[in-house]
Each structure stands twice: as structure tokens, then as C-alpha cells.
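Please look over the sequence and the model shown here before reading on.

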Amino acid sequence: MTTETKLRELIDSAKYRLDDFAKFRKLGMIPNDGDFFPAGVHYPPITMYPEVTQEKFFESYKPNENKEYDIYVHIPFCRKRCLFCHYPSKYNAKDEEKDKYLDAMEKEIDFYINILGHDKINARTILIGGGTPTDLSPKQLDRFLKYFTTKIDIGKCKQFNYDVDPITLVGSDGIERLKIMRDYGVDRLTIGVQSFDNDILRKMNRSHDSSLAVESIENSKKYDYQTNIEFIFGHPGQNIKNWLDVLNKAIDVDVPEIQFYRLKVIPYGDQVGTIKRMRDYKPDELISNENAILMKEIAISFLAEKGFHENLRRVFTINKKYISKYAFNQCCQLKDEIGLGLTAFSSLNDRFSLNTQSFKEYYEKIEKGKLPINRGIIRNEDEQRRWAIILPLKNYWISKKIYENRTGTPLGKTFEKKFLNLKKYGLITENGGKIELTKTGAFFADEVVTQFSDPQHLPFPETSYADAELNPYKDN
């Protein structure tokens with residue numbers, strides 16, 4: 001079969017999703033203009049938290065008895081600012097700035113240990129992200145991991161993850177970084193390839209090209225990491241043909257996990273990305289919502305043909321064992337997690353905190369002996385129930401047992417009309433002790449779980465949706 005024939009076959013088989021898109025827009029689940037806002041990684045969304053002090057956040061908090069936490073560390077340095085990024089970072093920072101940040105983070109780790117009353121923090125899983133967390137010199141990387149692993153007990157850590165940029169894993173420094181991370185127990189890398197198309201990479205303002213991306217993948221596999229790769233679809237400059245070319249190359253590099261996510265134009269973090277300004281001033285540069293829908297369905301069906309299945313939302317693996325245990329614990333099991341560094345978040349039973357987005361404030365708070373928390377929430381009963389539905393339903397499924405444990409309420413006694421409507425339109429299914437998305441529900445997962453958002457946390461006003469059964473403001 002020729003490439004053109006295969007492309008036509010995939011497009012034809014994906015067109016039914018356009019009918020679904022139109023249908024759910026008329027039913028009020030998708031905004032009238034078809035706009036997209038990501039949901040289900042945090043609730044409320046990151047940009048919607050009120051101010052909170054450290055004292056208020058930890059008031060009445062009781063640390064868990066087993067002293068186990070999933071841990072996220074944020075290192076906010078990058079070579080370049082990518083067009084699609086909505087997070088604050090420093091670009092081409094000098095070593096002095098990075099050393100200053102590591103100094104502050106070491107103190108932050110100690111503050112957290114003291115607050116929790118532990119000698120060490122026992123890590124269930126770890127994710128080091130950014131930014132580009134490997135945008136440190138090998139010497140600085142060794143310094144960070146040495147201190148981190150003296151304060152964080154990784155003896156029972158089930159997975160030690162790094163999210164990385166390809167450019168930091170090539171050349172002599174890249175090889176040295178790979179060796180250092182492996183020596184400290186890092187065993188899983190997600191490489192932000194984003195595309196294998198050099199024209200698209202230039203439009204994204206990435207610091208690597210396709211050949212360097214492939215080299216970084218091969219280098220990672222040589223050092224026995226579980227190597228995963230990540231892509232964006234719906235980016236300016238993409239079309240269905242070059243997206244299929246990228247998917248073919250993703251299969252060729254032979255990794256066990258492929259992630260892809262839709263371009264986020266509306267800011268989901270603490271910095272307005274260049275992509276938002278592009279839409280405001282050059283809207284014709286962006287691809288249509290309809291083409292984004294086709295690209296998503298084409299990727300799902302193409303990857304399924306190659307043996308990759310969605311074992312965690314937007315994560316396609318050849319076996320469920322390859323998924324991120326960190327993401328599974330945080331979003332599906334709703335376990336306690338500690339965040340360290342600029343913009344990092346901590347999720348502790350019934351509360352959620354965010355660290356400052358300002359480097360200046362981050363350093364000032366640390367120097368005053370405080371955690372750099374500046375926003376957060378202690379959820380009331382209603383907010384706790386919404387949180388315990390939205391995260392697991394979006395990412396995996398709702399365990400009725402876990403839901404009742406986290407909320408004190410049986411699942412069947414909350415949002416009955418919402419659940420009935422979602423079942424009516426074939427978006428969720430209930431089977432014994434769990435509620436999960438159907439195939440169609442999973443495709444529109446962000447929009448489905450938005451049904452359970454409090455009106456004050458919905459991304460668009462009520463008039464943006466059709467006045468129909470699945471308008472998220474109804475029965476809410």
C-alpha cells in the first residue's frame with residue numbers, strides 16, 4: 001500500500017469523529033467555537049487557585065503515617081522558549097543562576113522534611129521535570145541528584161522519571177548526563193521530541209532537529225533506560241500528511257511508549273505562551289479544530305495497528321506496565337504528592353498548593369525560611385468530590401472504593417443527573433466497582449470531565465455552549 005493510499009484510508013476511517021465533534025457541540029459539551037481547554041491533570045485548573053499562606057495550607061494537615069509520597073521536582077531552565085510553552089523559565093541561564101536555584105531548592109527540601117516531621121521522605125515514585133531538568137551542567141546534575149538522594153529515600157521507589165529535551169542527551173555532555181542519572185537510580189526517560197519534521201521543529205522554536213532527536217533516543221536506550229517519546233499535534237505548520245510521517249518515524253525508533261497531546265493555545269500555566277499571541281494576531285496560522293480532531297483519531301488508529309494502546313490517557317504503550325507510575329498514583333489513585341521548585345505543586349489528601357511562578361519571590365521566601373507556596377486550596381466536601389471524579393475519570397477510571405475513601409461519600413449519591421446523561425450519550429460506562437470512559441468518551445475526555453467542574457472553574461462562559469443537555473453549567 002502506498003503512503004498516499006494509506007493516508008486516504010486513515011482519513012476516511014477518521015471522519016466519523018467529525019460527526020461526533022459536531023454532535024457534542026450541538027449538545028453543549030464542546031464550546032460553540034470548538035475551542036479546547038485541557039482538563040483532568042489538576043482540579044481546579046492551575047490558573048484558578050486563590051492565594052494561600054504556608055501556615056494556612058498546613059493548618060489541620062496530618063502527615064500520612066507511612067511517610068510515603070510521590071515527588072515532583074521542577075527545574076525551570078531551557079535553551080530556548082518553545083512557541084507552545086505556557087510555563088515560566090529562564091533561557092540560556094548562566095551556571096551562577098542555576099547554582100543559586102539549586103542552593104534554594106536544597107533548603108526547600110529541608111523545609112518540607114521538617115514540616116512533615118520526617119527524617120527523610122520515602123519516595124513511591126519520582127518525576128523530575130521543567131523546563132528542561134537536564135539543562136544543567138553534568139557537575140550541577142551530579143550535585144542536585146547527590147543532595148536529593150540523601151534527603152529522599154529511594155529504596156522503595158518504583159519508578160524514577162525524568163522529562164528531558166533531546167539536545168541535552170547528545171554529545172559528550174549528554175552521555176555524561178545519562179551516566180550520572182543512571183548512577184543515581186533514574187530508570188525512565190520521556191524525551192520531548194514533539195516532532196520529527198524539521199520544518200515543524202523550527203516553527204516550534206525547538207533546540208534540536210530530527211537527527212538529534214533520534215540520536216538522543218538511541219543514546220538513552222544504550223544506557224538501559226525505559227525510553228519514551230512525546231509529540232504535539234495541532235501545531236501551526238502541521239498537516240495530516242506530515243503528522244502521519246512523524247507517526248511512522250515514531251514507530252521506527254522502537255520505543256515502548258508514545259505520548260501525544262493536543263496543542264494548548266489557552267494558557268494552562270503561569271506564563272502566556274507565544275502561541276496565544278499568535279492566535280490573537282495571526283489566527284490563520286493555526287490549524288482548524290476539525291483537522292486537529294482528524295489528526296487525533298488518525299494517530300489512535302495508526303498506533304493501534306502497530307500494537308500501541310491508550311493505557312493511560314494520551315499515553316500509548318505496547319504493554320500497560322510501561323505507563324508512568326507517578327502519573328497513575330497522582331491522577332488515578334489520588335495519592336499524596338510533594339512538589340519542589342518554581343511552579344511545582346503539592347497534592348495532600350484534601351488540599352493542593354502551588355509554588356510561586358516568580359524567581360524573585362521564590363528566592364525571597366526561601367531566604368525567610370518559608371516554603372515558596374503562594375496559591376492553593378483546602379477543598380470543601382463539594383470540591384473534594386469533584387476532584388475525586390475528574391482526575392481518575394479523565395486519566396483511567398473511577399474506582400468507587402477509592403472515591404468513597406477520599407470523599408466519605410458513595411459514588412452513586414453524587415452528580416446522578418450528570419452520570420445519567422453521560423451514559424445516555426455513550427460517553428461513560430459503569431461496571432461493578434468502576435466507572436470509565438467509553439471509546440468515544442475517551443476521545444473527548446477533557447470535555448467529558450469538564451462536566452463535573454464547579455461553574456467558577458469552567459474555562460468558558462455559559463453562553464459559549466449550546467443550551468442543551470450537556471452544557472456543563474446544567475445540573476451542576
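## Pockets and cavities

About 230 Å³ of space lies in the second largest pocket. The model is predicted, so local features need pLDDT of at least 70 and side-chain atom pairs count only at pLDDT 80 or more, while totals for chains, interfaces and linings use all residues. Residues are numbered from 1 along each chain as its sequence is written, and side-chain values use heavy atoms, with hydrogens and water left out.

Rolling a probe the size of a water molecule over the atoms shows where empty space is left. On a 1 Å grid over the protein atoms alone, a cavity is a set of points where a 1.4 Å probe fits but cannot get out, whereas a pocket is an open set with protein on both sides within 12 Å along at least five of seven lines; lining residues have an atom within 4 Å of a point. Grid points are joined across faces, edges and corners, and a volume is the space filled by probe spheres set on the points.

The second largest pocket is lined by 15 residues, and R262, V265, L286, I287 and N289 lie nearest its centre. The largest pocket has a volume of about 480 Å³; 23 residues line it, and the closest to its centre are E310, R313, T438, K439 and A442. Among the elements that give two or more residues to the lining of the largest pocket are α2 (16-26) and α11 (289-305), where helices (H or I, at least four residues) and strands (E, at least two) are DSSP runs, numbered from the N terminus.

A search of the whole structure finds eight cavities of 30 Å³ or more, and the second largest cavity has a volume of about 80 Å³. Its lining includes M29, P31, F460 and Y465.

The table divides the linings by residue class, with Ala, Val, Leu, Ile, Met, Phe, Trp, Tyr, Cys and Pro as nonpolar, Asp, Glu, Lys and Arg as charged, and the others, Gly among them, as polar.

| Space | Volume | Lining residues |
|---|---|---|
| Second largest pocket | about 230 Å³ | eight nonpolar, three polar, four charged |
| Second largest cavity | about 80 Å³ | seven nonpolar, one polar, three charged |

## Helix α5

Helix α5 (residues 138-151) has 14 residues and reaches 20 Å from its first C-alpha to its last, close to the 20 Å expected at 1.5 Å a residue; the expected span is 1.5 Å times one less than the number of residues. Which residues of α5 are buried? They are P138, Q140, L141, F144, L145 and F148, where buried means under 20% relative accessible area, exposed over 50% and partly exposed in between (1.4 Å probe, protein chains only). Seen down the axis of α5, these buried residues fall within an arc of 160°, so they line one face of the helix; the arc is that of the directions from the helix axis to the C-beta atoms. On the other side of α5, K139 and K146 are exposed.

## Single residues

D165 lies in the loop between β6 (159-164) and α6 (171-183), and D165 counts as buried because its relative accessibility is 8%. A polar contact of 3.4 Å joins the side chains of D165 and R206; such a contact is a pair of N or O atoms within 3.5 Å, and within protein one must be able to donate a hydrogen and the other to accept it, while residues adjacent in sequence count only if both atoms are side-chain atoms.
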